[in-house]
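Dear colleague,

Please find below the sequence and the structure that I am handing over to you. My findings follow directly after them.

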Amino acid sequence: MTINPFLFHPVSKALTNILSNTFRRGYGKLNKQRTALIHNSIVENALGKFAIICMEDFIHEIMTVIPHFNKANNFLWPFKLKAPLGGLKKKRKHYVEGGDAGDRENYINELIRRMN
């Protein structure tokens, strides 16, 4: 049994979703511990050697996938989102078939808004 149909693929290009989730739910790996991203100094301590010194630089690095994206992405802890408001209709069917599972492409932003 494969688990791919049961996963969401959040490939969001909306800057507002990335900004709100990073500022609201963003955590980083600092000394192998989960640390809330509440100050620019946390980002600067971890990624300063790559010229990423504030949250805006960090988000720019994530959005544009430029040279130090891998370091920035490894620093970012995965987001923990709530269940979507209104629930899911058909979890067992793929999104293309009228369900909720699988790749939503451009429609992922609506789901992320429901999960905040």
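The accessible surface of the protein chain amounts to about 8,100 Å², and carbon and sulfur atoms account for 56% of it. Please bear in mind that this is a predicted model. Of the 116 residues of the chain, 31% count as buried.

As to the overall fold, the protein chain has five helices and two strands. Read from the N terminus on, the order of these elements is α-β-β-α-α-α-α. Among the contacts in the chain with a separation of 6 or more, 55% are made by residues 24 or more positions apart.

I turn next to the interior. In general, nonpolar side chains in soluble globular proteins tend to be buried together. Here, the largest nonpolar core has 15 residues, of which Leu37, Val43, Leu47, Ile52, Phe58, Ala72 and Phe75 touch the most other members. Helix 2 (40-47), helix 3 and helix 4 are the elements that give two or more residues to this core. For leucine 37, the contacts beyond four places in sequence are Thr22, Gly26, Tyr27, Gly28, Ile42, Val43, Met55, Phe58, Phe75 and Leu76.

In helix 2, the buried residues are Ile42, Val43, Ala46 and Leu47. These four cover an arc of only 100 degrees around the axis, and therefore lie on the same side of helix 2. The buried residues of helix 2 pack against strand 1 (27-30), strand 2 (33-36), helix 3 and helix 4. In helix 5 (residues 108-115), Ile108, Asn109, Leu111, Ile112 and Met115 are buried. Their arc around the axis is only 160 degrees, which puts them on the same side of helix 5.

The aromatic residues come next. A pair of aromatic rings is described by the distance of the centres and the angle of the planes. The count for this model is one aromatic pair. The ring centres of phenylalanine 58 and phenylalanine 75 are 5.8 Å apart and the planes stand at 90 degrees, so this pair is edge-to-face. Because phenylalanine 58 belongs to helix 3 (residues 55-64) and phenylalanine 75 to helix 4 (residues 69-75), the pair ties together parts that are 17 residues apart in sequence. Both phenylalanine 58 and phenylalanine 75 are buried.

Charged side chains also sit over aromatic rings. The charged end of arginine 34 is placed over the ring of tyrosine 27, at 3.7 Å from its centre. Lysine 29, in turn, lies over the face of tryptophan 77, 5.9 Å from the ring centre.

Most residues other than glycine have a negative phi. Alanine 51, however, has a positive phi, near 65 degrees. Alanine 51 is found in the loop between helix 2 and helix 3, and is exposed, with a relative accessible area of 61%. Valine 65 likewise is not a glycine, yet has a positive phi of about 50 degrees. Valine 65 is located in the loop between helix 3 and helix 4 and counts as exposed, at 53% relative accessibility.

With kind regards

Key. Residues are numbered from 1 along each chain as its sequence is written. This is a predicted model: local features need pLDDT of at least 70, side-chain atom pairs count only at pLDDT 80 or more; totals for chains, interfaces and linings use all residues. Side-chain values use heavy atoms; hydrogens and water are left out. Rings of Phe, Tyr and Trp (its six-membered ring) pair if their centres lie within 6.5 Å; planes under 30 degrees apart count as stacked, over 60 as edge-to-face and the rest as tilted. Buried means under 20% relative accessible area, exposed over 50%, partly exposed in between (1.4 Å probe, protein chains only). A charge sits over a ring if NZ of Lys or CZ of Arg is within 6 Å of the ring centre and within 35 degrees of the ring normal. A nonpolar core is a set of buried Ala, Val, Leu, Ile, Met, Phe, Trp, Tyr and Cys residues joined through side-chain atoms within 4.5 Å. Contact means heavy atoms within 4.5 Å. Accessible areas come from the Shrake-Rupley method with a 1.4 Å probe; for residues, only the protein chains shown count as cover. The arc is that of the directions from the helix axis to the C-beta atoms.
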